Amino acid sequence: MTTARTAVTLSGVSKVYGRGPAAVHALDSVSLDIAPGEFVCLVGASGCGKSTLLSLVAGLDTQDSGSVAIVDGARPALMFQEPALFPWLTVAGNVTLPLRLRGVPRPRRAERVAELLRSVHLEEFARRRPHQLSGGMRQRVALARTLALDTPVLLMDEPFGALDAMTRDILHDEIERIWQERGLTVLFVTHNVREAARLGDRIILLSSRPGRVVWERRVDVPRPRRIDSPEIAEVAAEVTDRLRREVGRHGH
Ligand SMILES: Nc1ncnc2c1ncn2[C@@H]1O[C@H](COP(=O)(O)OP(=O)(O)OP(=O)(O)O)[C@@H](O)[C@H]1O
């Protein structure tokens with residue numbers, strides 16, 4: 001068996017929305033290799049094309065030029081800031097849905113749901129409905145539902161952006177544990193440079209209009225990490241500095 005060198009490969013990816021003078025050059029020749037099991041954080045000014053890049057990797061949209069390749073041709077799972085749960089279904093029902101759609105047999109489904117809910121520490125809340133949960137718990141359900149897709153690549157678009165700092169801190173520990181246990185490859189979009197430094201093996205900075213990879217930094221701080229540690233603060237300060245320069249250059 002050969003081991004894939006990259007889990008996600010973007011080669012010269014460009015994306016333009018619209019035509020003529022109103023055209024928006026969202027991405028321009030973006031090339032990026034993500035290793036299997038790597039946790040990559042993508043940062044950049046608002047509107048620089050982060051969500052566009054994720055939607056291309058997720059296969060929800062197509063690039064105008066260049067190519068996107070995923071290991072084994074697998075379709076990655078995508079998680080957003082909004083949990084987007086079905087309010088009329090229970091927690092277990094929401095997590096079951098992707099398993100049903102994938103044709104997992106009924107007895108196996110119950111087992112998998114129990115395992116997934118255990119993994120996000122929600123086993124006692126299986127029968128609750130989304131409105132009976134806190135924002136952090138709803139995001140855990142969304143995470144369990146995403147994991148139910150059983151894909152090796154996880155794409156996360158500001159998944160903890162709407163949560164308070166304490167809840168986010170706890171979810172950082174959870175996503176890090178799940179990523180390590182399952183050997184996932186994660187591409188994580190965030191506005192929060194501390195979050196990027198806390199989670200990432202590598203931080204990629206995109207410039208705006210057109211979105212290009214302008215800088216990257218490996219984060220060698222050993223895990224487990226703390227978001228309020230001096231090492232993480234130092235990395236975050238460096239990223240903020242680069243980000244400021246980038247935003248300044250574009251006069252935002
Ligand atoms: N469907 C669309 N049609 C036209 N323009 C679009 C479309 N989607 C995105 N854009 C534009 O493309 C650019 C990149 O958008 P995108 O949402 O990818 O950026 P982003 O970095 O994720 O932004 P934010 O950080 O604010 O979420 C923006 O200028 C946006 O207005």
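Is Gly 47 buried, partly exposed or exposed? Gly 47 counts as partly exposed because 15 C-beta neighbours lie inside 10 Å. On this scale, a residue is buried if 20 or more other C-beta atoms lie within 10 Å of its own, exposed if 12 or fewer, and partly exposed in between, with C-beta atoms placed from the backbone.

## Basis of the model

The structure is a predicted model, in which local features need pLDDT of at least 70 and side-chain atom pairs count only at pLDDT 80 or more, while totals for chains, interfaces and linings use all residues. Residues are numbered from 1 along each chain as its sequence is written.

## Overall form

The chain contains seven helices and nine strands. These elements are DSSP runs numbered from the N terminus, with helices being H or I of at least four residues and strands being E of at least two. Along its principal axes, the C-alpha trace spans about 55 × 45 × 40 Å. The radius of gyration of the chain is 19 Å, which agrees with the value near 18 Å that a compact globule of 252 residues would have. That radius is taken over C-alpha atoms, and the globule rule is 2.2 Å times the number of residues to the power 0.38.

Of the 252 residues, 38% count as buried. Among contacts in the chain with a separation of 6 or more, 71% are between residues 24 or more positions apart. Two residues are in contact if their C-beta atoms, placed from the backbone, lie within 7 Å.

## Domains and annotation

The chain is divided into domain 1 (1-76 + 156-252) and domain 2 (81-150), with bounds that come from an automatic or database domain assignment. The C-alpha centres of domain 1 and domain 2 lie 26 Å apart. At their boundary, 12 residues of domain 1 are in contact with six residues of domain 2. Helix α5 (residues 165-182) supplies five residues, the largest share of the side of domain 1 that touches domain 2. By class, this side of domain 1 has seven nonpolar, two polar and three charged residues. Here Ala, Val, Leu, Ile, Met, Phe, Trp, Tyr, Cys and Pro count as nonpolar, Asp, Glu, Lys and Arg as charged, and the others, Gly among them, as polar.

An unreviewed UniProt entry lists residues 8-235 as "domain: ABC transporter"; such annotations may be inferred rather than shown by experiment. The span 8-235 is 34% helix and 25% strand, and its end C-alpha atoms lie 25 Å apart.

## Surroundings of the ligand

The residues around the ligand are Tyr 17, Gly 18, Val 24, Ala 26, Gly 44, Ser 46, Gly 47, Cys 48, Gly 49, Lys 50, Ser 51 and Thr 52. A residue is near a molecule if its C-beta atom, placed from the backbone, lies within 6 Å of it. The shell divides into four nonpolar, seven polar and one charged residue. Both β2 (24-34) and α1 (50-57) supply at least two of its residues, and α1 gives the largest share, three residues.

Gly 47 belongs to this shell and is found in the loop between β3 (39-44) and α1. The C-alpha atoms of Gly 47 and Asp 150 are separated by 30 Å, and the two residues are 103 residues apart along the chain.

## Helix α2

In helix α2 (residues 91-101), the buried residues are Val 91, Ala 92, Asn 94, Val 95, Thr 96, Pro 98 and Leu 99. The cover over these buried residues includes α3 (106-119) and α4 (135-147). Gly 103, whose phi is positive, near 75°, follows α2.

## Backbone exceptions

Most residues other than glycine have a negative phi, and most peptide bonds are trans. Ser 29, in strand β2, has a positive phi near 50°. With 15 C-beta neighbours inside 10 Å, Ser 29 counts as partly exposed. Glu 158 also has a positive phi, near 50°, and is placed in the loop between β6 (153-157) and α5. Glu 158 is partly exposed, with 19 other C-beta atoms within 10 Å.

The peptide bond from Arg 209 to Pro 210 is cis, with omega near 0°. Pro 210 lies in the loop between β8 (202-206) and β9 (213-218). A cis peptide bond, with omega near 0°, also runs from Arg 223 to Pro 224, and Pro 224 is found in the loop between β9 and α7 (230-249).
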